[in-house]
Amino acid sequence: MIRLVRSSILAGIAIGCGGFGFLASGIQAETFGPLFGSILFSFGLMTVVAYKLALYTGTAGFIKKNEIGRLFVILGGNIIGCICMGLISRCSPMDIQSAAQNVINLRLERGPLCCGLLGIPCGFMMTTAVTFARKQHYIPLLLAVPLFIVCGFTHCIADAFYYSCAPIAFLKAHILQIITVYVSIVLGNLIGCNLYRIVVPALAKVAE
């Protein structure tokens with residue numbers, strides 16, 4: 001269990017690194033542009049796969065019914081890792097906090113139902129990318145993250161990093177909304193990660 005927690009924390013840190021790059025590139029949009037930032041974000045998922053770390057959206061699609069508790073230990077560890085990177089982001093000379101707040105505002109404007117629904121295709125894409133990687137095909141890892149960002153799909157671990165970066169006063173003022181929206185994204189990702197099992201159960205053997 002301790003090894004799982006450590007692995008999930010490091011996975012959260014990896015996603016936080018990718019998220020940091022995404023927000024930073026958005027601040028410097030005239031130089032890099034948003035697409036470049038979304039490609040940078042792929043670093044997080046590629047690191048998770050390379051080191052075989054425990055990531056919520058990289059595990060949920062392969063978890064067994066009796067391992068649900070393990071899945072939420074992973075989620076907790078991922079959040080801790082994101083908080084670590086969020087604290088580090090506050091040392092940046094760039095206005096990462098405002099960039100994170102802008103992302104969160106978009107979530108709050110959409111509300112929990114839309115954010116949860118947008119989490120479903122994101123989860124499906126994460127499971128698909130990891131399935132390809134397990135078969136030594138790594139291009140989907142590079143494509144999946146920019147695709148879900150460009151489409152506006154929601155990823156609960158990425159959002160955990162954004163919350164960790166945002167101004168404390170802003171978080172306090174919207175805490176109930178943030179929790180509601182976040183829970184909906186976690187559930188949406190869970191459904192999406194298992195979409196292949198739900199729609200075409202026979203594909204479960206392909207993903208093993």
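Predicted model: local features only at pLDDT ≥ 70, side-chain atom pairs only at ≥ 80, totals over all residues.
Figure 1. Val150 is placed in helix H6. Together with Leu35, Ile39, Met46, Ile139, Leu142 and Leu143, Val150 makes a nonpolar surface patch of about 670 Å². Two helices, H2 (34–51) and H6 (139–151), each contribute at least two residues to the nonpolar patch. Helix H6 provides the largest share, with 4 residues.

**Figure 2. The aromatic pair Phe20 and Phe161.** The structure contains 6 aromatic pairs. In one of them, the ring centres of Phe20 and Phe161 are 6.5 Å apart and the ring planes meet at 35 degrees, so the pair is classed as tilted. Phe20 belongs to helix H1 (residues 2–27) and Phe161 to helix H7 (residues 156–165); the pair therefore ties together parts of the chain that are 141 residues apart in sequence. Both Phe20 and Phe161 are buried. These two residues also take part in one aromatic cluster, which is formed by Phe20, Phe22, Phe41, Phe161 and Tyr162.

**Figure 3. The aromatic pair Tyr56 and Phe72.** The centres of the rings of Tyr56 and Phe72 lie 6.2 Å apart, and their planes are at 55 degrees, so this pair is tilted. Tyr56 is found in helix H3 (residues 56–59), while Phe72 is found in helix H4 (residues 68–89); the pair thus ties together parts that are 16 residues apart in sequence. Is each of the two residues buried or partly exposed? Tyr56 counts as buried, because its relative accessibility is 0%. Phe72, with a relative accessible area of 37%, is partly exposed.

**Figure 4. The charged end of Arg134 and the ring of Phe62.** This view concerns a contact between a charge and an aromatic ring. The charged end of Arg134 sits over the ring of Phe62, at 3.8 Å from the ring centre.

**Figure 5. The salt bridge between Asp159 and Arg107.** The structure holds 1 salt bridge. Which residues form it, and how far apart are their closest N and O atoms? The partners are Asp159 and Arg107, and their closest N and O atoms are 2.7 Å apart. The pair links distant parts of the chain, since Asp159 lies in helix H7 and Arg107 in helix H5 (residues 96–134), 52 residues apart. Asp159 is buried, with a relative accessible area of 1%. Arg107 is likewise buried, its relative accessible area being 13%.

Note on methods:
Residues numbered from 1 in each chain as written. Heavy atoms only, no water. Patch = residues over 30% accessible without salt bridge, like charges linked within 9 Å, V, L, I, M, F, W, Y side chains within 5 Å. Areas by Shrake-Rupley, 256 points an atom, 1.4 Å probe, with all protein chains shown as cover. Salt bridge = Lys/Arg side-chain N within 4 Å of Asp/Glu carboxyl O. Phe/Tyr/Trp six-rings, centres within 6.5 Å; stacked < 30°, edge-to-face > 60°. Buried < 20%, exposed > 50% of the residue type's maximum accessible area, 1.4 Å probe, protein only. Lys NZ or Arg CZ within 6 Å of the ring centre and 35° of its normal.
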